[in-house]
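Hi there,

Here is the structure I promised to send over. Have a look at it first, and then read on for what turned up.

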Amino acid sequence: MAERERSQTPPFGGVFMPHARIMTADDMGRAVRRMSHEIIERNHGLEEIVVVGLQTGGVPVAERLVATLEDIDGLRPPLGMLDVALHRDDIGIRPVVPEATTDLPADLDGKIVILVDDVLFTGRTIRAALDAVCDFGRPRAVQLAVMVDRGHRELPIRPDFVGKNLPTRRDEVVDVHGDGVDLGVMQK
Amino acid sequence: MSAAAEKETSDGTLEVADPGALGRHLLGIDGMDRSTLEDVLELTDAFAEIGRRPIPRVPALRGRTLATVFFENSTRTRMSFETAARRLSADTISFASGSSSLSKGESLRDTVEVVSSYGVDAMVVRHPMAGTAHRVAEWTDAAVVNAGDGCHEHPTQALLDCYTLRDHRGSLDGMRIAIVGDVRNSRVARSNVLAFNALGAEVVLVAPATLLPPGVGGWPVVVAHELDPLLADLDAIYLLRIQRERITEGLIPSIREFATDFGLTATRTAQLREDALILHPGPTNPGVEISGEAAADPRSVILDQVANGVSVRMAVLFLLLGSGRSASGDVGPVVDQVDREVKR
């Protein structure tokens, strides 16, 4: 699904050509474990936590995070997913992927929402996600966990939990998948 | 028009990710292929979810304006479009022929040009003459949605009916659907025959010969003049509204006789299969084409049709307006910026 999203986002088409493996699957596993410990530490447990993966790339990361949180703490926090396509300020530039569904656990009022995405770039997705979350209730706090923070922020947004800080050029593409994280470019 | 074909326009500007396959307007089901219809229905799922949120509104079409221009009475179509537009944060203005300068002799073209000059991005048009929406599309820069033109087409009704059937059955493939009643004067029947057929359903038109259109031989349908032998074999029965004027036109002897022969009475409802679906585009004439018992039957999905109408129209408006176009045909500022970035 992430693949389809990318193919419909400028620059259109092209093939992803990786030039460096940034994280292996093991590295990702360790990063998820560390972030899980940080989440539990920061929030003194998991009682109030709701984990929300952002469609499409954030959902698999959120699933791993929830599994690891349960493994460490014994409590499985509710997992939701959120598609922010219709809340974006650049609608039409990014595609609306019909399979990317929004499914949030009933009530976010008073909860601590952990937004999870694969790559943090301009921050526009997160801005849209904050708007969308507010339509579903009034969380006590919203925190942000990302697998890769690649810089180039265009809005005053920072992550709370980061798998890896990765300095990139603007035209590079970061691909987070099941076997690791690759840095590359799109080639026509 | 496919999304892929639209990416680079002739002057080299970037036509950004058109998420679906509608062109500039939605004038009819005629000419839409199966994959286009499926794209719209698939996208509708995403919009149906928004309707179930505590605050059922997204900012997708903020700053866009929708005008409903109705030269014929309507409750649900107009309200449905306006609700859809508001759920997408678009503004709505409306024109109703009854309270307008039409009575002072204003022509259709004048009306369209005046409404256009308010800077509308989309115009939803209903008119008693077939082909009006097509003409209107030539006179305005706005995206035009046909909300019924005479007895020609009513595409969003067909889309919402397909969505309702698909929602209950998963797919229309192989379904046997009877469309019963005043087919001759029904734009809903025309659009639905095309859409049901394109999506793989078998359509049976059931009506007295006087209520069938002249060219029905060329339609992809089976024609029947009796309802009773078909009942046990239908996946869905679609009742059309019968208008009382049809008696004075001599097309049916009496409302009562029509109801006896073709109405979905309680007796006929009992003969329908356990999993059959009952549809009606509304407003119903209780006791004529559909009995109160049939409308209230658990197999009736008439209220689902109304609710789905909003979701389908959200998808349609989003496809027509949600890809960086504005009333002048220019792309918006955000798109210009991305355009530069992409070209650099």
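Let me start in chain B, where B:S89 sits in the loop that runs between helix 2 and strand 2. Please keep in mind that this is a predicted model. B:S89 is not a glycine, yet its phi is positive, at about 65°.

Four strands of chain B make an open sheet in the order 2-1-3-4, with parallel pairing. Its edges are strand 2 (91-96) and strand 4 (143-149), each of which pairs on one side only. From one strand to the next, the twist averages 15°. Five bridges link strand 3 (residues 122-127) of chain B to strand 4 of chain B, and B:M123 has B:V144 as its bridge partner in strand 4. Helix 2 (residues 76-87) of chain B lies across strands 1, 2, 3 and 4, and runs at about 175° to strand 1 (65-70).

Further along chain B, helix 5 (residues 155-169) packs with helix 11 (residues 302-321) at an angle of about 115°, their axes 8 Å apart. The crossing of helix 5 and helix 11 of chain B is right-handed. Residues that meet there include B:L159, B:Y163 and B:T164 from helix 5, and B:N308, B:V312 and B:R313 from helix 11. By class, this contact between helix 5 and helix 11 of chain B has five nonpolar, five polar and four charged residues.

Chain A has a helix pair to look at too. Helix 2 (residues 25-43) and helix 3 (residues 58-73) of chain A pack at about 65°, with axes 9 Å apart, and their crossing is right-handed. Among the residues in contact are A:V32, A:M35 and A:I39 of helix 2 and A:L65, A:L69 and A:I72 of helix 3. The contact divides into seven nonpolar, three polar and three charged residues.

Finally, some backbone details. A cis peptide bond joins A:Q55 and A:T56, with omega about 0°; A:T56 is in the loop between strand 2 (49-54) and helix 3 of chain A. In chain B, the bond from B:G282 to B:P283 is cis, with omega near -10°. A:H152, in the loop between strands 5 and 6 of chain A, has a positive phi near 65° without being a glycine.

Best wishes

Technical notes: Residues numbered from 1 in each chain as written. Chains lettered and ligands numbered in written order. Predicted model: local features only at pLDDT ≥ 70, side-chain atom pairs only at ≥ 80, totals over all residues. Axes fitted to C-alpha atoms, helices over the stretch in contact; angles between N-to-C directions. Helix = DSSP H or I, 4+ residues; strand = E, 2+ residues; numbered from the N terminus. Left-handed = near helix turned anticlockwise from the far one by under 90°. Contact = placed C-beta atoms within 7 Å. Nonpolar A, V, L, I, M, F, W, Y, C, P; charged D, E, K, R; others polar. Pairing = 2+ DSSP bridges.
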